[in-house]
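Let's take a walk through this fold together. Have the model open and follow along.

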Amino acid sequence: MRVPFLDLGLASQELQAEISAALTRVVGSGWYVLGPEVEGFEREFAEYVGARHCVGLGNGLDAVHLALRAAGIGPGDEVIVPGNTFIATWLGVSYAGATPVPVEPDPRTYNLDPERIAAAVTARTRAVVPVHLYGQPAEMDAILEVARAHELFVLEDAAQAHGARYRGRRVGAIGDAAAWSFYPGKNLGALGDGGAVTTDDGELADRLRRLRNYGSRVKYVHEVMGFNSRLDELQAALLRAKLPHLDEWNERRRRIAALYLRELAATGLLLPHVPSCAEPVWHLFVVRTERPEELQRHLERSGIATLIHYPIPPHRQDAYRHLHLPEQTLPMSEAIHREVLSLPIGPQMSPDQVAAVVDAVQTFPR
């Protein structure tokens, strides 16, 4: 049996009627940029998250970048980020003109460790960007406590956590703002790139709407030097078709994750740890082993596709060589990136495919 890492084609097939209707509606409307579909999605996604405002953008990287810029963060400022995350979190900080300051994660959850944030704060620190990594909420209460004590802007990076809850509240409306990605492989994914920022701050949302559209609120009147980063009508319509199914699809992921946690408990792999305050949505199911490449090859021989999220931490990438952070600056982050492997998990996986993954992992020699 072949088990793909994630089958996006099956997701589209399941919603073929809704997706076809959305495509037909947009094509027939003759309105393709910043029209009624974007407005509708912004309204519906804000309501889903529990935020007052949603601003649709071109992608998740722009969501981080423009949210920070809209908050007045720029050159000379420092922004605390996780040491272990996808590089887009760091790039968003850099594009705003600020400097990313990495902090080590909690070794159990791999999310930003609140106890280490205060030690990283300097006179130049203006913001902190906790990432809800792999779809599991970060420890937001403790992060907010530190941030409020130092008057820091808190931007949730929720790109992997659509629908996740922290102490009963959906992520995306807990910090000052939240950045979202709708890349096709996300729990709520478009058929191309897309992003958004959610916030309760009306002034921040207004600045974002100007920044995404050439610095303009009125056509040909440009108040600031803006950008071109607009969620298009087609992707917004597709996201509207998928949003009503998100909770059900997340529940399917939870059932698979629960089975993995139960059936793989005796394999010797380090399995995900879920705190009692968190309700993850399992964007990824990440195991940890000192032999990830061997496990990956073993699973490949059984027809099971896996991925490594992510093989090289941001501070070791050539893109951030200019920060002059030597090896072992972030030993915990480096160990995580060196030892993780993501198993297949997705709402369209069949029971036989899940069983095949379990059987193959169980036969991996300790």
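Predicted model: local features only at pLDDT ≥ 70, side-chain atom pairs only at ≥ 80, totals over all residues.

Residues are numbered from 1 along each chain as its sequence is written, and side-chain values use heavy atoms, with hydrogens and water left out.

Start with the open sheet: 7 strands in the order 1-9-8-5-4-2-3, with mixed pairing. (Strands are DSSP E runs of at least two residues and helices are H or I runs of at least four, numbered from the N terminus; two strands pair if DSSP finds at least two bridges between them.) Strand 1 (53-57) and strand 3 (99-103) stand at the edges with a single partner strand each, so one side of each has no neighbour in the sheet. Further in, strand 2 (residues 78-82) and strand 4 (residues 125-128) run parallel, joined by 3 bridges. Within strand 4, alanine 127 is the bridge partner of valine 79.

Now find leucine 152, in the loop between helix 7 (140-149) and strand 5 (153-157). Is it buried or exposed? Leucine 152 is buried, with a relative accessible area of 3% (buried means under 20%, exposed over 50%, partly exposed in between, using a 1.4 Å probe and protein chains only). Leaving aside residues up to four places away in sequence, leucine 152 touches Val121, Thr125, Arg126, Ala127, Ala147 and Asp176, where contact means heavy atoms within 4.5 Å.

Last, look at helix 3 (residues 36-49), which passes helix 9 in a left-handed crossing (the near helix is turned anticlockwise from the far one by less than a right angle; clockwise would be right-handed).

Definitions and conventions:
Axes fitted to C-alpha atoms, helices over the stretch in contact; angles between N-to-C directions.
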